[in-house]
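Grab a pencil and work through these exercises with the model open beside you. Try each task on your own before reading its solution.

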Amino acid sequence: MNPHTELISADPAGIARAATLLKGGDLVAFPTETVYGLGGDARSDIAVARIFDAKGRPRFNPLIVHLPSVKAARQIAIFSPEADRLADAFWPGPLTLVLPRRPDAGLSDLVTAGLPTVAIRIPEHPLAQALLRAFGGPLAAPSANPSGKISPTCAAHVTEGLSGKIAAILDGGACAVGVESTILALDPPTLLRPGGLPAEAIEACLGTRLSSGGNITKPTAPGQLASHYAPRASVRLNVTKPAPGEIWLGYGPIGADFNLSPSSDLVEAAANLFKTLRDADRQAGPKGRIAVAPIPNHGLGRAINDRLRRAAAPRS
Ligand code: TXA
Ligand code: MG
């Protein structure tokens, strides 16, 4: 889709070019002090779907939202006194905080995977700061590597993994920290991922020990993820002929009640997934039934099917 990934140099013209691409919904890899991030507009369903597509992620796990300042972060998340203290002490820097998401945050549902929380990071790297300010909005940015591969700490690593799959790479040399940010959930303070900021520094700041009960693959309470964005209606998969009374959620050129992508485009289908499930659920009603057409199981289709299987799983 991007046969010629641009290599952009770290000067004002380069930053302006990168911001323009991001504003158009394209993906740009950029340096942070931890690792290179694969940036996309966190408000745009299609940009976020492209991130999952470029990385070949088999699941829609939630992504970290990058912002230039604490002031900008307050517009999308709710800060407790503890969160304030950590932000004062460690931002900008290699710390990511998982905080309650403001309902009016304007983020794509795909960024938070439908969760009521949002992971926020304010990077310190001057190029990341310059890019965020030029772009003027929140950037979703997982590490800029194909899913399952090692995180990139220089532009050449990004080229190796993602060339031809993203619009551009902003070349800022090597990353100083070299490992991902530390991820912390609050209430109670829980280490979800060890990273660039030592846990001891966080414990000293808060004056408490961190629990480490967090599980990065199952955000918030274990098991909660599956039920959180299950529709109220029952869900049946791989349906080519819906039964009477079922709301048919289609894919491809079929006459369904709702359609994830009439043109059979998996990136578009991913971008539409959460909101279409919500719309179908509303139309089906509390005791209703949703029947989903078959979705090809390659590329983003794997992540879509993973999500749909959870929606269709028996409810406890
Ligand atoms: O250093 C870093 O953090 C890099 C640079 C680019 O900033 N970014 C990064 O992002 O590592 P990513 O998307 O690869 O890591 C996101 C991790 C995931 O493992 C995800 O489960 C967790 O953060 N996460 C995101 N939102 C969450 C949430 N609402 N609750 C719990 N965990 C969350
Ligand atoms: Mg990663």
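**Exercise 1. How many disulfides does a search of the whole structure find, and where does that leave Cys-154?**

Step 1. The search of the whole structure comes back with zero disulfides. Keep in mind that this is a predicted model.

Step 2. Cys-154, then, is in no disulfide, and the nearest cysteine sulfur belongs to Cys-175, 7.9 Å away. For a disulfide, the two sulfur atoms would have to be within 2.5 Å.

Step 3. The cut-off for buried is under 20%.

**Exercise 2. Work out the strand order of the ten-stranded sheet and say which strands stand at its edges.**

Step 1. Trace the sheet from one side to the other: the order is E1-E8-E2-E3-E7-E4-E6-E5-E9-E10, the sheet is open, and the pairing is mixed.

Step 2. Look at the two ends. Strand E1 (6-9) and strand E10 (190-193) each have a single partner strand, so one side of each has no neighbour in the sheet.

Step 3. E4 (residues 64-66) runs parallel to E6 (residues 117-121), with three bridges between them; His-66 has Arg-121 in E6 as its bridge partner. E5 and E6 run antiparallel, joined by five bridges, and here Leu-97 is partnered with Ile-120 in E6. On its other pairing, E5 is parallel to E9 over four bridges, where Val-98 stands opposite Ala-185.

Step 4. Ask how enclosed E5 (residues 95-100) is. Five of its six residues are buried, so the strand is largely enclosed by the rest of the structure.

Step 5. H6 (residues 155-162) lies across E1, E2 (28-30), E3 (37-41) and E8 (168-171), and its direction makes about 165° with E8.

**Exercise 3. Is Thr-182 buried or exposed, and which residues does it touch?**

Step 1. Check its accessibility. With a relative accessible area of 1%, Thr-182 is buried.

Step 2. List its contacts, leaving out residues up to four places away in sequence. Among them are Pro-94, Leu-95, Thr-96, Leu-191, Arg-193 and Ile-202.

Step 3. Compare sequence and space: Thr-182 and Arg-121 are 61 residues apart along the chain, and their C-alpha atoms are separated by 9.8 Å.

**Exercise 4. Describe how the four-stranded sheet is arranged and which helix packs on it.**

Step 1. This open sheet has the order E11-E14-E12-E13, with parallel pairing.

Step 2. At the edges you'll find E11 (234-236) and E13 (258-259), each with a single partner strand, so one side of each is left without a neighbour in the sheet.

Step 3. E12 (residues 247-250) and E14 (residues 289-292) run parallel and are joined by three bridges. Leu-249 stands opposite Val-292 in E14.

Step 4. Helix H9 (residues 266-284) packs on this sheet and touches E12, E13 and E14, with its direction at about 165° to that of E12.

**Exercise 5. What kind of aromatic pair do Phe-52 and Phe-60 make?**

Step 1. Start with the count: there are three aromatic pairs.

Step 2. For Phe-52 and Phe-60, the ring centres are 5.0 Å apart and the planes meet at 85°, so this pair is edge-to-face. The cut-off for that label is over 60 degrees.

Step 3. Phe-52 and Phe-60 are both buried, and together with Phe-274 they form one aromatic cluster.

Step 4. Just after H2 comes Gly-56, with a positive phi of about 65°.

Step 5. Finish with another ring: the charged end of Arg-74 sits over the ring of Phe-79, 4.9 Å from its centre.

Note on methods. Residues are numbered from 1 along each chain as its sequence is written. Chains are lettered from A and ligands numbered from 1 in the order in which they are written. This is a predicted model: local features need pLDDT of at least 70, side-chain atom pairs count only at pLDDT 80 or more; totals for chains, interfaces and linings use all residues. Side-chain values use heavy atoms; hydrogens and water are left out. Two strands pair if DSSP finds at least two bridges between them. Helices (H or I, at least four residues) and strands (E, at least two) are DSSP runs, numbered from the N terminus. Contact means heavy atoms within 4.5 Å. Axes are lines fitted to C-alpha atoms, for helices over the stretch in contact, and angles run from 0 to 180 degrees between N-to-C directions. Rings of Phe, Tyr and Trp (its six-membered ring) pair if their centres lie within 6.5 Å; planes under 30 degrees apart count as stacked, over 60 as edge-to-face and the rest as tilted. Buried means under 20% relative accessible area, exposed over 50%, partly exposed in between (1.4 Å probe, protein chains only). A charge sits over a ring if NZ of Lys or CZ of Arg is within 6 Å of the ring centre and within 35 degrees of the ring normal.
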